[in-house]
Amino acid sequence: MSIFEYDKEEEEKKLRKAEYEAGIQKGVLNTARHLLELNLLSLENISRATGLSIDELKKLQQ
């Protein structure tokens, strides 16, 4: 196959992967927002649970 040939299956696979990863990130952000609203955990513990940085969590609080 030439580098100029379009591989529809490969492009669809890449698109599905990107959409999946975006969905996961959206879910992590929603979870972090809910944990922040509950105000039961420290920023450090929410950071550890979600993988988000303290700075990212502070931005979500605003």
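This is a predicted model: local features need pLDDT of at least 70, side-chain atom pairs count only at pLDDT 80 or more; totals for chains, interfaces and linings use all residues.

Reader: Is Q25 buried, partly exposed or exposed?

Author: The relative accessible area of Q25 is 39%. Buried means under 20% and exposed means over 50%, with partly exposed in between. Q25 is therefore partly exposed.

Reader: How far apart in space are Q25 and E10?

Author: Along the sequence, Q25 and E10 are 15 residues apart. From C-alpha to C-alpha, the distance between Q25 and E10 is 23 Å.

Reader: How are α1 and α2 oriented to each other?

Author: Helix α1 covers residues 8-38 and helix α2 covers residues 43-50; they pack with their axes 10 Å apart, at an angle of about 160°. Angles over 145 degrees count as roughly antiparallel. So α1 and α2 are roughly antiparallel.

Reader: Which residues of α2 meet α1?

Author: On the α1 side, the residues are V28, A32, L35 and L36. The contact of α1 with α2 holds 6 nonpolar residues, 1 polar residue and no charged ones. From α2, the residues that meet α1 are L43, I46 and T50.

Reader: Is the crossing of α1 and α3 right-handed or left-handed, and what is the orientation of the two helices?

Author: Helix α3 spans residues 54-61, and the axes of α1 and α3 come within 10 Å and cross at roughly 70°. The crossing is right-handed. An angle from 65 to 115 degrees counts as roughly perpendicular, and therefore α1 and α3 are roughly perpendicular to each other.

Reader: Which residues of α3 make the contact with α1?

Author: α1 brings L29, A32, R33 and L36 to this contact. By class, the contact of α1 with α3 has 5 nonpolar, 1 polar and 1 charged residues. The residues from α3 are L57, L60 and Q61.

**The core and other residues**

Reader: Which residues is L52 in contact with, leaving aside its neighbours within four places in sequence?

Author: L52 is one of the residues of the largest nonpolar core. Q25, which is partly exposed, is among its contacts. Leaving aside neighbours within four places in sequence, L52 is in contact with Q25, V28, L29, A32, S47, L57 and L60.

Reader: Is S47 buried or exposed?

Author: S47 lies in helix α2. Leaving aside neighbours within four places in sequence, S47 is in contact with L52, S53, I54 and L57. The relative accessible area of S47 is 16%, and the cut-off for buried is under 20%. S47 is therefore buried.

Reader: What is the phi of N39?

Author: N39 lies in the loop between α1 and α2. N39 is exposed, with a relative accessible area of 64%. Its phi is positive, in a residue other than glycine, with a value near 55°.

Reader: What distance separates the C-alpha atoms of K17 and R48?

Author: K17 lies in helix α1 and counts as exposed, at 52% relative accessibility. K17 and R48 are 31 residues apart along the chain. Their C-alpha atoms are separated by 25 Å.

Terms used
Residues are numbered from 1 along each chain as its sequence is written. Side-chain values use heavy atoms; hydrogens and water are left out. Axes are lines fitted to C-alpha atoms, for helices over the stretch in contact, and angles run from 0 to 180 degrees between N-to-C directions. Helices (H or I, at least four residues) and strands (E, at least two) are DSSP runs, numbered from the N terminus. Angles under 35 degrees count as roughly parallel, over 145 as roughly antiparallel, 65 to 115 as roughly perpendicular and the rest as oblique. Contact means heavy atoms within 4.5 Å. Ala, Val, Leu, Ile, Met, Phe, Trp, Tyr, Cys and Pro count as nonpolar, Asp, Glu, Lys and Arg as charged, and the others, Gly among them, as polar. A crossing is left-handed if the near helix is turned anticlockwise from the far one by less than a right angle, and right-handed if clockwise. A nonpolar core is a set of buried Ala, Val, Leu, Ile, Met, Phe, Trp, Tyr and Cys residues joined through side-chain atoms within 4.5 Å. Buried means under 20% relative accessible area, exposed over 50%, partly exposed in between (1.4 Å probe, protein chains only).
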